[in-house]
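Here's a quick walk through a protein structure for anyone meeting it for the first time. Have a look at the picture, then read on.

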Amino acid sequence: MTEKTIFKKIIDREIPAKIVYEDDLCLAFEDINPKAPTHLIVIPKQEIASVDDVAEADEAVVGHLFTAMRKIAAELGLAGGYRVVTNCGRDAGQEVMHLHFHLLAGRPFTWPPG
């Protein structure tokens, strides 16, 4: 049996998080080490390790995450724009092996990002 990720522990309410959005399929909460004035983590409640692990059966859940991010951005009034980032694998900077998206806003961003 694998150990729960920190995100699964947040879903299960075993550790606290500043949750800003939740529905049946996903959860969004403030990042504990923000890189922008608005920095949220948006995760599926379903455990999917990374983009590499998304299966055809997960298409509805992944699509739902993007719809939720659009709703969150509208609710927060992020009219100036926002960035959505995901990392896939350790070499890309993925620290938690649970699919997640960073929703960042509140400052100008440059390209390339890193």
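Which residue in strand 2 is the bridge partner of Glu22? That partner is Leu27. Keep in mind as you go that this is a predicted model.

Besides pairing with Glu22, Leu27 has a bridge partner in strand 3, namely Ile43. That gives you a handy way to trace the strands across the picture.

Strand 1 and strand 2 run antiparallel, with three bridges joining them. To get from one to the other, the chain makes a hairpin through three residues. On to the next pair: strand 2 and strand 3 are also antiparallel, and five bridges link them. Strand 2 is largely enclosed by the rest of the structure, because four of its five residues are buried.

## Helix 2 and what covers it

Now find helix 2, which takes in residues 59-75, 17 residues in all. From its first C-alpha to its last it reaches 24 Å, close to the 24 Å expected at 1.5 Å a residue.

Which residues of helix 2 are buried? They are Val61, Val62, His64, Leu65, Ala68, Met69, Ile72 and Ala73. The spacing in that list is worth a thought: an α-helix has 3.6 residues a turn, so residues three or four places apart point the same way. As for what covers these buried residues, the cover includes strand 1 (19-22), strand 2 (26-30), strand 3 (38-44), strand 4 (83-85) and strand 5 (101-105).

## A nonpolar patch on the surface

Phe66, Tyr82 and Val84 make up a nonpolar patch on the surface, and together they have about 250 Å² of accessible area.

Take Val84, which sits in strand 4. Is Val84 buried or partly exposed? Its relative accessible area is 31%, so Val84 counts as partly exposed.

## Two backbone details

Two spots in the backbone deserve a look. One is Arg13, in the loop between helix 1 (6-11) and strand 1. Its phi is near 60°, a positive value in a residue other than glycine. Arg13 is partly exposed, with a relative accessible area of 45%.

The other spot is in the segment after strand 5, where you'll find Pro112. The peptide bond joining Trp111 and Pro112 is cis, with omega about 0°.

Terms used:
Residues numbered from 1 in each chain as written. Predicted model: local features only at pLDDT ≥ 70, side-chain atom pairs only at ≥ 80, totals over all residues. Heavy atoms only, no water. Expected span 1.5 Å × (residues − 1). Buried < 20%, exposed > 50% of the residue type's maximum accessible area, 1.4 Å probe, protein only. Contact = heavy atoms within 4.5 Å. Pairing = 2+ DSSP bridges. Patch = residues over 30% accessible without salt bridge, like charges linked within 9 Å, V, L, I, M, F, W, Y side chains within 5 Å. Areas by Shrake-Rupley, 256 points an atom, 1.4 Å probe, with all protein chains shown as cover. Salt bridge = Lys/Arg side-chain N within 4 Å of Asp/Glu carboxyl O.
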